[in-house]
Amino acid sequence: MNRSTLSLSVALGLALASGLAAVPASAAPVAAPAGSVQQYTGTAAEEAGNRAFYEAVMKSALAKQAASPFLLTVTVVYDASSAPTFRNQIASSAQIWNSSERNVQLRAGTNADFRYYEGNDSRGSYASTDGHGSGYIFLDYAQNRQYNSVRVTAHETGHVLGLPDHYSGPCSELMSGGGPGTSCTNAYPNATEKARVDSLWRNGLAPAGAGAAVTTAR
């Protein structure tokens with residue numbers, strides 16, 4: 001839950017365009033030290049990357065929705081085929097968000113707005129985008145063993161929907177990520193987080209740049 005990048009390799013762009021189920025080159029597996037705990041930390045660059053991911057996903061989803069302009073709920077399509085180990089966690093994460101929101105819903109499909117991948121990476125789990133409507137969530141094996149896996153997945157999916165990290169928050173705040181420690185198992189957004197996502201996606205009319213204005217009081 002601690003890494004976003006602003007650019008993907010050309011190889012990733014080609015893989016996404018062709019629908020290949022390959023781990024992105026920019027997310028090349030990096031072995032984690034034995035017994036280490038994947039910490040959750042954040043930087044300004046990662047925050048910008050999270051905003052870019054949200055903006056790219058919204059742009060992609062709204063472009064597909066243009067054919068049905070009177071629909072008030074935006075559908076964001078994800079592809080979990082490249083993260084088979086986390087199939088259940090991804091489904092649970094989507095169910096959690098779908099039960100929490102009115103204006104945006106997550107659906108599994110092949111014409112995806114973003115994708116999930118899995119592997120080993122010392123950076124932990126993270127969201128990434130190329131800024132042009134394609135992106136992915138990478139789920140790290142070690143981190144998902146140390147922290148509640150559904151919480152990890154729902155947290156990263158929160159970036160897709162426009163929420164920033166807030167590691168100093170309590171366990172009841174989904175976007176506090178691993179800040180509260182490995183004992184925190186809450187995988188649900190709180191009322192403030194749910195309201196923020198609904199506001200961003202209201203009637204599918206929120207401007208793509210709205211993600212840049214996402215802030216969380218500390």
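These are my notebook entries on what I looked up in this predicted model.

**Ground rules.** I number residues from 1 along each chain as its sequence is written, and I take side-chain values over heavy atoms, with hydrogens and water left out. Since the model is predicted, local features need pLDDT of at least 70 and side-chain atom pairs count only at pLDDT 80 or more, whereas totals for chains, interfaces and linings use all residues.

**Overall layout.** I began with the secondary structure, taking helices (H or I, at least four residues) and strands (E, at least two) as DSSP runs numbered from the N terminus. The chain has six helices and six strands, and along the sequence I read the pattern β-α-α-β-α-β-β-β-β-α-α-α. I then looked up burial, where buried means under 20% relative accessible area, exposed over 50%, and partly exposed in between, with a 1.4 Å probe and protein chains only; buried residues make up 50% of the 218 residues. For contacts (heavy atoms within 4.5 Å), I noted that among those with a separation of 6 or more, 70% come from residues 24 or more positions apart.

**The nonpolar core.** Here I counted sets of buried Ala, Val, Leu, Ile, Met, Phe, Trp, Tyr and Cys residues joined through side-chain atoms within 4.5 Å. The largest such core holds 31 residues, of which Val-76, Phe-114 and Trp-201 touch the most other members. The elements giving two or more residues to this core include β2 (74-82), β4 (114-119) and α6 (191-200), while α2 gives the most, with five residues.

**Helices α3 and α5.** My next entry concerns α3 (residues 87-100) and α5 (residues 149-160), which pack at an angle of about 55° with their axes 9 Å apart. The axes are lines fitted to C-alpha atoms, for helices over the stretch in contact, and angles run from 0 to 180 degrees between N-to-C directions. The two helices are therefore oblique to each other, given that angles under 35 degrees count as roughly parallel, over 145 as roughly antiparallel, 65 to 115 as roughly perpendicular and the rest as oblique. On the α3 side the contact includes Gln-89, Ile-90, Ile-96 and Trp-97, and on the α5 side it includes Val-150, Thr-153, Ala-154 and Gly-158. I sorted the contact residues of this pair into five nonpolar, seven polar and no charged, with Ala, Val, Leu, Ile, Met, Phe, Trp, Tyr, Cys and Pro as nonpolar, Asp, Glu, Lys and Arg as charged, and the others, Gly among them, as polar.

Lys-59 is found in helix α2 and is exposed, with a relative accessible area of 56%; its C-alpha atom is 9.0 Å from that of Asp-113, 54 residues away along the chain. Ala-83 sits in the loop between β2 and α3 and is buried at a relative accessible area of 0%. Apart from neighbours within four places in sequence, Ala-83 is in contact with Ile-90, Tyr-116, Tyr-117 and Glu-118. Pro-164 lies in the loop between α5 and α6 and is buried at 8% relative accessible area; from Pro-164 to Ala-48, 116 residues apart in sequence, I noted 9.1 Å, C-alpha to C-alpha.
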